[in-house]
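Let me put the structure up, and then we'll walk through it together.

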Amino acid sequence: MRPVTHCGILELLARTVISNQVGGNMSSKAAASIVGMMAIALYSGLGMAAADPYQLNLPEPQTIIARQIYDQHTMLLWICLAIFIGVFGVMFYSVLKHRKSVGYKAANFHHSTTVEIIWTIIPFFILVGMAFPATKTIIAMKDTSSPDITIKTTGYQWKWGYDYLTGEGEGISFLSNLATPRAQIENASPKEENYLLEVDNPVVVPVGKKVRIIITANDVLHAWWVPALGVKQDAIPGYIRDAWFTIDKPGTYRGQCAELCGKDHGFMPIVVEAVEPEKYTQWVAEQKSKSAAAVVDVSKEFTMDELKAEGEKVYAANCVACHQANGKGIPGTFAALDGSKVATGPKAGHIDIVMNGKTGTAMAAFKHLSDVQIAAVVTYERNAWGNAAGDVVQPSEINEFRK
Amino acid sequence: MAAVHDHDVAHAHDHHPSGMMRWMMTTNHKDIGTMYLWFSFIMFLTGGVMALTIRAELFQPGLQIVNPEFFNQLTTMHGLIMIFGAIMPAFVGFANWQIPMMIGAPDMAFARMNNWSFWLLPPAALLLLSSFFVPGGAPAGGWTIYPPLSVQMGMGMDMAIFAIHIMGASSIMGSINIITTILNMRAPGMTLMKMPMFVWTWLITAYLLVLVMPVLAGAVTMLLTDRNFGTNFFNAAGGGDPVMFQHIFWFFGHPEVYIMILPAFGIVSEVIPTFARKPLFGYSSMVYATASIAILSCIVWAHHMFTAGMPVTGQLFFMYATMLIAVPTGVKVFNWTATMWRGSMTFETPMLFAIGFIFLFTLGGFSGVICAVVPIDIQVQDTYYVIAHFHYVLVSGALFGIFSGAYYWLPKWTGHMYDETLGKVHFWLTMIFFNLTFFVQHFLGLAGMPRRIPDYALQFADFNMISSIGAFGFGLSQLLFLYVVLKCIRGGAKAPAKTWEGGKTLEWTLPSPAPYHSFETPPVVR
């Protein structure tokens, strides 16, 4: 099931050598993996290799910022290693030699102003050396000006929404949910390669284009993080933050929400697919035609069965995490819908809570769903499980409600 | 006191209530210190059981033992219990036992308030722990209780807020007591610059506590009113700002981490010279370094928030200020090394834990500098790298300091020597399993595993399994410590007044065990 590959230190060395030969820009990573290897040999003595399950370092950087971060981290590791060897070399020499059991007599010195000044000043300059490249990177990270494409991402409990705001693809909008089946999480079926790191709708971006990403949240704090891109930014409800990246080569880059956002914090991954510009144009065209097909006249009347069928899908994508498939919720934490006052009471109250949420609880506002989706899910909730309100909510009512 | 005859004083030793009432009503610094230490150990085991449940869930990918809501409650409560229940009270226990004896005072300055400071803690702990049993369960927003998530919680959150209020009040009273004792009750001749390092570190810690605990109280009170009374301090929809909570919280939170480490610095600064049989190198620079760390700790809070988004100048300022802390911390490590240099060292258990402390705390310091560099922090913030970092400074830092101090002073407290062999076994087991648990977490974090998740991608499986095995080894090793302490209390070789050959501070002039009332006549320090 799990791709476990236990290989030895020797293989790791071989890999290091190979990666050294691949290209000049790989040398810093090779150095880092040597440091990592020494560390693991020292500390765990388990003799493991840097195959995927034993990745010791930051992921392969895909943007200029991620590359700078990678190299600065490597530089810092080397500096720390040098200091480590210096300080603990002295200390362990002392531990070995200056012990009573070998008859060493204690000296009685207790200060030396010169030495103390020296070891206050030297670390200061080492720190300045560390801070200098970092400062340049920070300034570069903050430069989100003149992007080719701007995408807004919104964190929801527990999924990401994406709206392409400017540039090629403007107007595209979708939600991105975890695609890993529940059965794998509950250990009922074998876990696949991208377990917990796969989504239904990835963010697609062209390579070589500067993408500005605007980050916000709908309910609680989240954080949009893709390690290979060197971007991590908290998503804050009511506030806007931004970051940028330009991806060098096509590929699928995976990340996760990095700020605790409740129950399913561990289950809202981010997948960025970087494609060649031509393929991106193609993707944009597909999305546009899909959304054109999906536009429905709000005044259209649906039957109960149509709404319930659609509503069940909307429920499964948006509501099931808290209210559960059986509508019973989780007692004490998430309210039951089956037999609840709201779902069996007047329509207006039900529509209101779905669209505007309920302050002070985990119930978020779902205004961002379409009129059809809201009408469908409300109808479904009123007529599923033991609920039998018997009434139908039409998209036109939702449209009216928005005004 | 002048009116009390010598005769009465001699008998005062016997005139205290017995049984439960002795402990309920005691105003004796040694009794109160003992209660603090036991309370802390019980909380340590409670928080430890939570940690092991977390590690058991993370043993393999997939959900096996707990559901995600309960997992979040466990991580939150583990943090709160270990910080407010285990580490802080342990150091206050040390302060109660040792500060009066080390400065030649008969007791703490405010003896009755001392009793009250302690007895606030058990109800607070009960309040906090009982939140598991209310609808909605314990708080599950992380120990940092960031809104808006913490506004969504059930009443368990309100209980935690009240518990934090009570524990904060206890800490403030304890700190006022410690400051007053140190400033007013030193033996004649003991100037500030002649005080033992442990007393100095506690004096500075106590000032930090008085400074920041009210800030935390303010933050959680605003949270309470946001939750229950319709205010909008942290609700953007009502004109508030969720990030403001983070600023206020970390203005408390960052000094808090130094509150948990400075007394450990003090203990190590006592232990190293004793077992090196050589005075502490650079005493005055140690004092200045401690004070500098305390001052700097108040201006670096936003390094916990680099990913929250702030102006470039903000990020630069907090990065530079944070990196600057490495300077006085480095001075301390160099001074300890210089103290050991050309000493005549022996390696009893307290010394082993002190050296283990320096070794591992320095590793935690290295990862601290790495986290301070903003671009790198962007990658490691909220990952297992940060978990590894702060367990290196809080477990192999604060906790190793506590173990070192406990072994160091147990003979003074109980009058018996502890079992040296078992003590050393405890050290080595703790050392090995600690590293097994936490070193691999650096790799997990760099490779991209976020913290506070109950389930993870397959590439993280093997290191998580190693970490869980280490955690269980670490947890079980601590039962050995309990056994060693109990054995030492019940009997063992008689400890001499000056237990350690190199012991120079005043407590070693008292018999072992230390009499119930000590230094009724102050000693004179030359």
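So, here's one to start with: in which sense do strand β9 and strand β10 of chain A pair, and over how many bridges? Keep in mind that we're looking at a predicted model. Okay, find residues 251-257 of chain A, that's β9, and then residues 269-275, that's β10. The two pair in the antiparallel sense, over six bridges. If you want one spot to look at, take Y253(A): it stands opposite V272(A) in β10(A).

Now let's zoom out a bit. Those two strands belong to an open sheet of five strands in chain A, and the order is β4-β10-β9-β6-β7, with mixed pairing. At the edges you've got β4 (203-206) and β7 (231-235) of chain A, and each of them pairs on one side only. From one strand to the next, the twist averages 20°.

There's a helix here too. Helix α6 of chain A, residues 277-294, lies across β4 and β10 of chain A, and it runs at about 135° to β4(A).

Okay, over to chain B. Here we have 17 helices and zero strands. The C-alpha trace of chain B spans about 70 × 50 × 45 Å along its principal axes. Why would we say its radius of gyration agrees with a compact globule? Well, chain B has 526 residues, so a compact globule would come out near 24 Å, and chain B has 23 Å. Of those 526 residues, 63% count as buried. And take the contacts in chain B with a separation of 6 or more: 82% of them are between residues 24 or more positions apart.

That's my tour, thanks!

Conventions:
Residues numbered from 1 in each chain as written. Chains lettered and ligands numbered in written order. Predicted model: local features only at pLDDT ≥ 70, side-chain atom pairs only at ≥ 80, totals over all residues. Helix = DSSP H or I, 4+ residues; strand = E, 2+ residues; numbered from the N terminus. Rg over C-alpha atoms; globule rule 2.2 N^0.38 Å. Buried ≥ 20, exposed ≤ 12 C-beta atoms within 10 Å, placed from the backbone. Contact = placed C-beta atoms within 7 Å. Pairing = 2+ DSSP bridges. Axes fitted to C-alpha atoms, helices over the stretch in contact; angles between N-to-C directions.
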